[in-house]
Amino acid sequence: QKAVGWGRRPSELAMDKLRGRAASFGRGLKEKIRSRASSAATTPSGTPSVTPSASPNGGGGFGSAMSSVGFGSDPDSATEEKLRKQQLSSKSTHEQLEAMRWLVTETGKKTSSYLNMAKQISLSGGDGKKGGDAGMDSYLPSVVKLLATKHPELKRLVYIFLVRHAESKPDDTLMAVNEIQKGLNDSNNAQARVLSVRVLSSIRVQDIVPITFVVIKNAVFDPNPLVRKAAVVGLAKLYSFSRDMAEDLYEILLKVFDSEPSPLVVGSACEVFNSMCPERLEAIHYSFRKICKMLVDMDEWSQVAALNLLHRYARENFVNPNRRSGGESREEGAGMAEAAEPKAVESVDDFYGENETGGAAPAATAEV
């Protein structure tokens, strides 16, 4: 009965089945690895062969066969790069997303595998220019081809990678500018216009600065307030990269203060003003009351920036309330007024000051 399984628990039978499957899978995997390793060792000299790496004791063992067929390969190897480029060039959106997620993660976290790849490329003659990482810059041409995608998440990942590595490969970046500008012409998709303005203003390449300026100049009059806010924030980004255009950017900021009806955009304009030209307070002479009225409708961060701006403007342009017209201070005037006033009455009965001698007040007055 025990031989056929009678009298045994169902859990024991299930565990026996799992053990048998695992053992058979392990035997099949070992045989497969041995066959691949033997076929690789007997490859003719005219064809490329994969030689198993030697084990620490000098022989080819199980671990060397594993490495020869690709198991346990290091992600910074040429195989990893080839795999990711194949995924980027694939027609499957799922594979493209997988490759872009890996690229963005590796670029952001700067893991050890990515650093090893950058080191190997730099030792082999690659140039690590400022603004990018040598290990990831090789993916940029393949990533630029994905700009035409309609998938929103994939497009965002492509934009993130492009902004991080645009400065190191300006030629490939110029090829992507035309595709980015197509998003500005999508009148039915405000989010696409917002992304286009943000990406163009974040790319730090000197050759596209005139294009970015024209885009921002037109975007501040977009019918959607989110696009206008992105354009206003782009003024500060462009100013930090190209200080030669400070006056032109200042003129655009003045137009925003004068004609903008949305508190969302005006709050961002206050933040940009504090970073670009904090001393030129004459710019808000005609916008002071409008900023005060919109203050309650701004978000918390914009309220802080607006209060900072209004406080500095008031101290610069308003009359000091502690000063009188004659030049005397408020404290001095208060002291003179106190000396001229009569002494306070100590008794409640003499509240009206009718009994100057300090005696009792008349009966009629007391009744009153």
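Buried here means under 20% relative accessible area, exposed over 50%, and partly exposed in between (1.4 Å probe, protein chains only). Helices (H or I, at least four residues) are DSSP runs, numbered from the N terminus. You're looking at a predicted model, where local features need pLDDT of at least 70, side-chain atom pairs count only at pLDDT 80 or more, and totals for chains, interfaces and linings use all residues. Residues are numbered from 1 along each chain as its sequence is written, and side-chain values use heavy atoms, leaving out hydrogens and water.

**Stop one: α16.** Select residues 300–317. Now colour S302, A305, A306, L309, L310 and Y313, the buried residues of α16. Look down the axis of α16: they fall within an arc of 130° (taken from the directions from the helix axis to the C-beta atoms), so they line one face of the helix. Turned away from that buried side are the exposed residues E300, W301, V304 and R315.

**Stop two: the neighbours.** Show α13 (246–259), α14 (263–276) and α15 (288–294), which the buried residues of α16 pack against; contact means heavy atoms within 4.5 Å.

**Stop three: α14.** Here 10 of the 14 residues are buried, so α14 is largely enclosed by the rest of the structure. Among the buried ones are V266, C270 and F273.

**Last stop: I291.** Leaving aside neighbours within four places in sequence, I291 is in contact with F257, V266, C270, I284, M298, A306, L309 and L310.

Technical notes
Helices (H or I, at least four residues) and strands (E, at least two) are DSSP runs, numbered from the N terminus. The expected span of a helix is 1.5 Å times one less than its number of residues.
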